[in-house]
Amino acid sequence: MEHATGLLARDAEHLWHPYAPSKPSSVFAVVEEASGSTLVLDDGKRRIEAVDAMASWWCQLHGYRNPVLDEALHTQVDRFSHVMFGGLTHEPAVRVAEQLVDLAPAGMNRVFLADSGSVAMEVALKFVRQVAICRASSSAGSRGGLRVAALTGAYHGDTLGAMSVCDPGGGMHAMFADSLPTQVFLPRPPRFGAEAYAVDAWSSAAAQVLDEHQDELCAIVVEPVLQGAGGMWGWSPIALAWLRAQATERGLLLVADEIATGFGRTGQLFACDWAQVVPDVLVVGKSMTGGYLTQAAMITTDALAAELDAGPGGALMHGPTFMGNPLACAASSASLGIIASGAWREPVAAITDGFERGLGGLREVPGVREVRVLGATAAVQLQGAVDVPLATRTALDHGTWIRPFRDLVYAMPPFVITPEELDRVCGAITAAVLANVQRTTKEAA
C-alpha cells in the first residue's frame, strides 16, 4: 500500500472534503482498514488504532466488517448490482419496504426509497407541498399554504429544499438565504427533561408564530427529541407531543426527520416514541444500511398517498436514478433485521451509562458549559469555540477518532462498541476538552 504521506499529498491535489476548503489542512489520516468499532489509520508518521466515536457520521451502527451485512452484499452482487426502478421492481426493494413498514408506527405503510438523507428530505418536503396543492385544487377547496414550519436549531440536509428548513441564523447555510424558499421558524424547544413551566412558556411563544402564519403553512418538520448537526440538543418529548397536537388541530402534516435519531440511537426505536407520537411523514437514513451504502426512505400513509395520486400530476414527482439500488437494499435489509431483533436495546443502555460515568465529571470543569447524554449520544459543550485540530489530534493521541464542531466535542459511537472502547472514548473526549480549556485559559491570560 502507498505510504500515507504520498496519498495525503495526492488527496490535496484533487479532492474536496466536507465543509472544507479545496486544499484543506484538516485531513488528518488515511484509513487503512476497519473492523468492529476500530479504524486503522496512518497519519504519515504513525499507525493508529482508533475507536470510531463518530460511527462514520452516525451511520455505522453494527460495526465495520459486520459478517451479516458482508454476506448480504456478497450474495446480492453475485445476482445484480443495479437496475432502474422505473417500471421494474426486485425482491431486495420489496423486502426492505416490508421491513420498514413493520418497524414504523402502525398505519405508515407507503415507502419511497431515496439515495440519501438529504434527498429523502427533499422528497418529504415536495410531498407535503404536493398534498397541499392537491387539497387546494379539490372540490372541497381546502387550504393553500405551501410553507413549512421548522425549529430554530434545526439541521435537515445540504440540498436546497432541505437547507430551507435548517436554522437560518445559527446554521451552516445562512449565506444561501436569498436562494432558498422562505420558511417559518419556531423557537427552539426546551431541553430534554425540562420542567413543565419551561415547556408551557415555549409552547405559548410557538403558538403565536403558528397563529401568525396559519394560512401560509402546510406542515411542521422536526428532528424529534434530538437536534443533531444543529447543536446536539436534546429537547422535551412533551414539546414534541404538543407539536403533534398542533399539527392535527391546524390541519398541518407533521414530518419527523429521524435520519440521525432513528433505529435506536436515542434509546427508543424511533425518537418519536419518547412522546408516543406518530408523524404523518417519517424520514429515515444514515444507519438504515448499517453505514455500508447510501440509502434513505420516506414513509407515509396510504391515505395521504391516495390524496396525492388523485390530484394534479397524479404521482409523487420525484425519481432518483439509483432509487431502490439492489446493493443498498440488501445492506438495509440486513441492518434492519438486526434492528428488528431488539439486540440494540441493551448496548444502547450500556452506552448511556458509560457516557454518564465517563463524562459526567466534566460538568464541574471551568470552561465547560454543559454535558448532555441521550441514548448512544454524548455532547460536551464548551463556553467557546472548539479548536478542532487540537481536539482531533489530542483524541487521536488517546486512540479515538472524533469530529468536533462549533463549541461541541461529542460522540455517537457504533452500538457494538465494547466497554473498554467506550472508556477509551470518554478518556479521549476528556483529554480533548481539557486541552481546549487550557488553551483558552492561556490565551485569556
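Colleague: The side chain of Arg 403 reaches the backbone oxygen of which residue at 3.4 Å?
Modeller: This is a predicted model, and in it Arg 403 sits in the loop between strand 15 (400–401) and strand 16 (408–411). Leaving aside neighbours within four places in sequence, Arg 403 is in contact with Pro 18, Met 54, Trp 57 and Tyr 410. Among these, the residue whose backbone oxygen lies 3.4 Å from the side chain of Arg 403 is Pro 18.

Colleague: Is Arg 403 buried, exposed or partly exposed?
Modeller: The relative accessible area of Arg 403 is 24%. Buried needs a value under 20% and exposed a value over 50%, with partly exposed in between. Arg 403 therefore counts as partly exposed.

Colleague: How far apart are the farthest two C-alpha atoms of the group that UniProt lists as "binding site" with Trp 57, Tyr 155, Lys 286, Gly 319 and Arg 403?
Modeller: The annotation comes from an unreviewed UniProt entry and covers the five residues you name. They span 347 residues in sequence, and they do not all gather at one spot, because the farthest two C-alpha atoms are separated by 33.1 Å.

Colleague: Which residues of that group are included in the lining of the largest pocket?
Modeller: The largest pocket holds about 1,100 Å³ of space and is lined by 39 residues. From the annotated group, the lining includes Trp 57, Tyr 155, Lys 286 and Arg 403.

Colleague: The side chain of Lys 286 reaches the backbone oxygen of which residue?
Modeller: Lys 286 lies in the loop between strand 11 (281–284) and strand 12 (296–301), and it is partly exposed, because its relative accessibility is 30%. Apart from neighbours within four places in sequence, Lys 286 is in contact with several residues, including Trp 57, Trp 58, Cys 59 and Ile 259. At 3.2 Å, the side chain of Lys 286 reaches the backbone oxygen of Trp 57.

Colleague: Which helix supplies the largest share of the lining of the largest pocket?
Modeller: Helix 2 (55–58), helix 5 and helix 12 (388–397) each supply at least two residues of that lining. The largest share is three residues, and it comes from helix 2.

Colleague: How many charged residues does the lining of the largest pocket have?
Modeller: Lys 286 is among the lining residues that lie nearest the centre of the largest pocket, together with Tyr 19, Trp 57, Tyr 155 and Asp 158. Sorted by class, the lining has 19 nonpolar residues, 13 polar ones, and a number of charged residues that comes to seven.

Colleague: UniProt also lists Gly 117, Ser 118, Asp 257, Pro 320 and Thr 321 for "binding site"; which of these residues does the lining of the largest pocket include?
Modeller: These positions, again from an unreviewed entry, are spread over 205 residues of sequence and up to 22.8 Å between C-alpha atoms. Those included in the lining of the largest pocket are Gly 117, Ser 118 and Asp 257.

Colleague: Is Ser 118 buried or exposed?
Modeller: Ser 118 belongs to helix 5 (residues 117–137) and, not counting residues up to four places away in sequence, touches His 156, Gly 157, Asp 158, Thr 159 and Ala 162. Its relative accessible area is 18%, and the cut-off for buried is under 20%. Ser 118 is therefore buried.

Colleague: What is the relative accessible area of Thr 321?
Modeller: Thr 321 is found in the loop between helix 9 (302–309) and helix 10 (326–340). Thr 321 counts as exposed, because its relative accessible area is 60%.

How values were computed:
Residues numbered from 1 in each chain as written. Predicted model: local features only at pLDDT ≥ 70, side-chain atom pairs only at ≥ 80, totals over all residues. Heavy atoms only, no water. UniProt positions renumbered as here; feature names shortened; annotations may be inferred. 1 Å grid on protein atoms, 1.4 Å probe; cavity = no way out; pocket = protein on both sides within 12 Å on 5 of 7 lines; lining within 4 Å. Helix = DSSP H or I, 4+ residues; strand = E, 2+ residues; numbered from the N terminus. Buried < 20%, exposed > 50% of the residue type's maximum accessible area, 1.4 Å probe, protein only. Contact = heavy atoms within 4.5 Å. Polar contact = N/O pair within 3.5 Å; in protein donor to acceptor, adjacent residues only side chain to side chain. Points joined across faces, edges and corners; volume = space filled by probe spheres on them. Nonpolar A, V, L, I, M, F, W, Y, C, P; charged D, E, K, R; others polar.
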